[in-house]
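Hi everyone, thanks for coming along.

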Amino acid sequence: MAEPLLQIVYASSASYLMTEDELDELLDEVRANNERLNVTGMLLYKDGCFIQVIEGPQSTIENLYNSIANDDRHEDAVELLHEFIPSREFGAWTMGYHRLNEDELNGFNNFFSQNHTISENAKLGGEALKLMLSYR
Ligand SMILES: Cc1cc2nc3c(=O)[nH]c(=O)nc-3n(C[C@H](O)[C@H](O)[C@H](O)COP(=O)(O)O)c2cc1C
């Protein structure tokens, strides 16, 4: 039987303010890796914060999330959602990308300056996922 599909949404804080060129470089690397790994998803960036959804075979996603969370280009990765899904929601995207503007995802602005409960994280993860689905 095929491995179950796992979807993870996390938020993190960039270690430094990335230029457009640095973000493009990161995306090129990520898309090439994901093509090879059969991983799909979307990345949002706003004011030094990342939100990303990754989806694919369970073991691939678990390993990938480990290496992403240890990448020193960002820090404080917080897992917001961790869910098995019946089919991919970002199947056409090796990694979609959207730079958020001011009024998108307002609840996210002070995310890293507050402590959140697990249910607050899940709520924010759900909102982030909805937003990412609207950009597909
Ligand atoms: C914000 C951010 C998102 C990333 N997303 C992915 C991703 O979706 N897929 C991927 O393969 N690497 C991603 N990476 C890069 C990984 O952290 C890591 O560099 C890459 O998986 C290669 O790891 P390895 O050298 O252990 O093989 C991301 C890095 C950052 C900073």
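The lining of the largest pocket divides into 10 nonpolar residues, five polar and three charged; here Ala, Val, Leu, Ile, Met, Phe, Trp, Tyr, Cys and Pro count as nonpolar, Asp, Glu, Lys and Arg as charged, and the others, Gly among them, as polar. This is a predicted model, where local features need pLDDT of at least 70 and side-chain atom pairs pLDDT 80 or more, while totals for chains, interfaces and linings use all residues. Residues are numbered from 1 along each chain as its sequence is written, and side-chain values use heavy atoms, leaving out hydrogens and water.

Back to that pocket: its volume is about 330 Å³. By pocket I mean an open set of points on a 1 Å grid over the protein atoms alone, where a 1.4 Å probe fits, with protein on both sides within 12 Å along at least five of seven lines; lining residues have an atom within 4 Å of a point. The volume is the space filled by probe spheres set on the points, which are joined across faces, edges and corners. Of the 18 lining residues, Leu26, Val30, Ile68, Asp71 and Arg73 are the closest to the centre. Helix H1 (20-37), S3 and H2 each give two or more residues to the lining, and H1 gives the most, with five. Helices (H or I, at least four residues) and strands (E, at least two) are DSSP runs, numbered from the N terminus.

Now the sheet. Five strands form an open sheet in the order S4-S1-S3-S2-S5, with mixed pairing; strands pair if DSSP finds at least two bridges between them. At the edges sit S4 (74-85) and S5 (96-99), each pairing on one side only. S1 (residues 5-14) runs antiparallel to S4, joined by nine bridges, and leucine 5 stands opposite isoleucine 85 in S4.

Helix H2 (residues 58-69) packs on this sheet, touching S1, S3 (49-57) and S4, with contact meaning heavy atoms within 4.5 Å.

Note on methods
Axes are lines fitted to C-alpha atoms, for helices over the stretch in contact, and angles run from 0 to 180 degrees between N-to-C directions.
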